[in-house]
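Here is a short briefing on one structure. Look at the picture first, then read the points below.

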Amino acid sequence: MTLVQQLPVLVAVVPLAAAPVALLLRNRHLAFLVVLAASGFAFGASVLLWQQVAGSGPVSYAIGSWPPPWGIEYRVDRLASFFLVLVSGMAALVLSWGRASLEAEIPAGQHYLFYTLFALCLTGLLGIAVSGDAFNIFVFLEISSLSTYVLIAMGRDRRALAASYNYLIMGTIGATFIVIGIGLLYLMTGTLNLADIAARMPAVEGSRPVLAALAFLTVGLSLKMALFPLHQWLPNAYTHAPSVVSSFLAATATKVSVYVLLRFYFEVFGESQVFDRLPLEQVMLCLALAGMFAASAVAIFQTDLKRLFAYSSVGQMGYIILGLSFDSVTGLTATIVHVFNHAITKGAIFMLLGGVALSMGGVTLPRVQGLARVMPLTAFGLVVCGLSLIGVPGTAGFVSKWYLVKAALEGGQWWLVFLVVGSSLLAVIYVWRVVEAAYFHAPRADLVAAVEAPLSMLVPAGLLVAGTVYFGLETTFTVGSAAEAASVLLGVPR
Amino acid sequence: MKDDLVLRVVGKLLIPFILLFGLYVLFHGDYGPGGGFQAGVILAAGIIFYALIYSVEEARRVVPEPLVEAMMAVGVLLYVTVGVAGQVLGGNFLDYFVLAADPVAGQLRGILLVECGVAVAVTGVMLKVFYMFAGRGNLDQ
């Protein structure tokens with residue numbers, strides 16, 4: 001067995017091994033190096049896997065040499081490898097960015113614990129992407145969620161505890177729903193391997209337990225991905241978590257739930273069941289639209305920037321689900337592309353805000369007045385990312401909205417085009433509030449002396465900001481991978 | 001509760017057997033009910049019993065907190081090591097078939113080592129949780 005053949009499992013095992021090593025070292029510098037190395041390895045392995053899958057098709061790996069469907073199968077296909085690259089890349093970037101921010105926000109004695117939990121969270125998120133086993137996916141989902149609760153609770157004031165507890169309750173309800181759904185599927189098909197469930201699905205299609213499983217999984221995963229109106233945990237969690245955690249979660253956690261939803265909808269249940277037997281097409285469409293408008297409207301009235309962009313995340317999740325509800329290759333392409341584009345945009349925004357929090361002591365609108373004068377680079381980065389959130393041509397956000405509009409037109413739902421544009425106008429308003437505070441006000445007297453964030457933070461954040469522009473112009477990687485993954489999911493030959 | 005003579009005597013008498021029973025549950029897990037998780041809980045329960053009778057400080061002296069944290073990590077590491085050993089010996093992750101010349105013996109060896117890892121990690125986590133709750137005070141008053 002060569003190393004390359006072991007990559008599907010190593011991508012999750014190496015971060016898993018890094019967690020206890022970081023705990024044993026009890027030294028924040030060494031723990032940082034270990035976890036950073038593990039994230040870097042995971043990113044390298046993900047890129048290799050992506051190339052391998054693009055070249056020679058899906059990779060299957062039998063844990064413990066028990067052949068599927070009896071053993072646990074790890075399966076990397078176009079969709080999985082795309083998410084692997086996204087999650088591991090963001091992890092490596094956020095880690096390398098976050099040291100200065102961490103020093104300021106978390107007591108030094110807890111740093112090695114932070115790195116341990118970060119490695120565990122990464123293990124969970126990557127494991128979800130590689131696993132082809134329903135229960136294994138649930139276990140990884142819990143690994144990532146449980147470590148996330150603790151990471152959020154590490155926030156600097158006591159409100160972080162309340163936010164974390166809130167997320168704990170909501171997340172546990174979601175996990176319960178997911179495991180009930182998986183249990184019902186196991187009841188009806190007698191197997192946990194996703195491909196095997198799919199193969200046995202025709203025999204039980206449309207039966208009540210299977211439809212119940214579909215409903216349970218939909219609600220559980222919607223909770224985890226903060227789909228409106230199940231998003232209540234998200235704004236507080238993002239606002240009060242340490243900056244590093246906000247950046248990482250905003251870029252990965254909810255996105256991975258979308259991945260699981262795609263897997264279950266299009267590979268396990270199949271479109272005919274999801275969209276014909278249950279009216280999920282209409283349900284998802286309504287929730288997506290409600291999220292796009294309600295959450296964006298709420299975002300306009302926030303004064304804390306982290307909270308503002310957290311609500312914006314809920315709104316953006318609406319676009320992601322809107323693409324899914326079209327049930328077409330173009331729609332799914334839009335969903336997958338927007339997962340990526342929104343991840344890098346929001347990741348960049350929260351990283352920049354982390355820099356602001358470090359230099360100016362907070363990210364409320366009155367405090368960041370005159371940001372452009374004291375931190376010109378950060379302010380410029382925020383503007384670029386804001387344009388991407390709105391969907392201005394030349395930024396990543398435009399690409400996803402372009403495909404959304406295209407999918408709406410293909411489906412003959414031209415009125416949706418107006419709604420997409422309309423909700424983008426709401427984004428213009430909340431982004432403008434940030435721009436106005438940053439560029440058209442003088443800095444507060446006590447903050448005139450604030451300086452630009454340190455270079456160690458500016459460079460990774462700047463890379464991501466550049467990424468939002470790059471992926472707005474050059475779409476071979478994003479749209480190419482997404483379109484292929486979408487056509488595989490829908491079973492349409494290209 | 002350290003003033004209660006009956007408890008002290010019974011505790012001193014029972015705790016070694018509780019710990020021994022934990023090990024029995026661990027090593028007998030292949031043949032009967034039991035396994036790493038149950039063994040870990042029993043081992044931790046023995047220590048917690050000790051802490052309840054002789055005070056938490058006393059228990060912290062016997063099983064110090066750094067040791068507990070190390071156990072959590074070592075347990076997971078043992079599991080990962082067994083998994084990776086399967087890869088190094090030419091199989092897949094968690095491949096027990098290659099751990100011994102005979103595949104069945106390999107399976108027995110692999111699962112026992114993994115269960116040992118589970119037992120160590122579970123004992124560590126249980127004690128850590130107990131110490132954290134007990135550390136909030138008024139248990140000893």
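**Two helices and a partner chain**

The crossing of H14(A) and H19(A) is left-handed, meaning that the near helix is turned anticlockwise from the far one by less than a right angle. The model is predicted: local features need pLDDT of at least 70, side-chain atom pairs count only at pLDDT 80 or more, and totals for chains, interfaces and linings use all residues. Residues are numbered from 1 along each chain as its sequence is written, while chains are lettered from A and ligands numbered from 1 in the order in which they are written.

**The helix pair in chain A**

- Helix H14 (residues 305-325) of chain A and helix H19 (residues 414-439) of chain A have axes that come within 11 Å and cross at roughly 170°.
- H14(A) is therefore roughly antiparallel to H19(A) (angles over 145 degrees).
- Leu305(A), Leu308(A), Ser312(A) and Gly315(A) in H14(A) meet Ser423(A), Ala427(A), Tyr430(A) and Val434(A) in H19(A); a contact puts C-beta atoms, placed from the backbone, within 7 Å.
- By class, this contact of H14(A) with H19(A) has five nonpolar, three polar and no charged residues (nonpolar: Ala, Val, Leu, Ile, Met, Phe, Trp, Tyr, Cys and Pro; charged: Asp, Glu, Lys and Arg; polar: the others, Gly among them).

**Chain B**

- Chain B has five helices and zero strands (DSSP runs: helices H or I, at least four residues; strands E, at least two).
- The C-alpha trace of chain B spans about 60 × 30 × 20 Å along its principal axes.

**Where the chains touch**

- Chain B gives 17 residues to the contact, and chain A gives 15 residues.
- On the side of chain B that touches chain A, 10 residues are nonpolar, five polar and two charged.

Terms used: Contact = placed C-beta atoms within 7 Å. Axes fitted to C-alpha atoms, helices over the stretch in contact; angles between N-to-C directions. Parallel < 35°, antiparallel > 145°, perpendicular 65-115°, else oblique.
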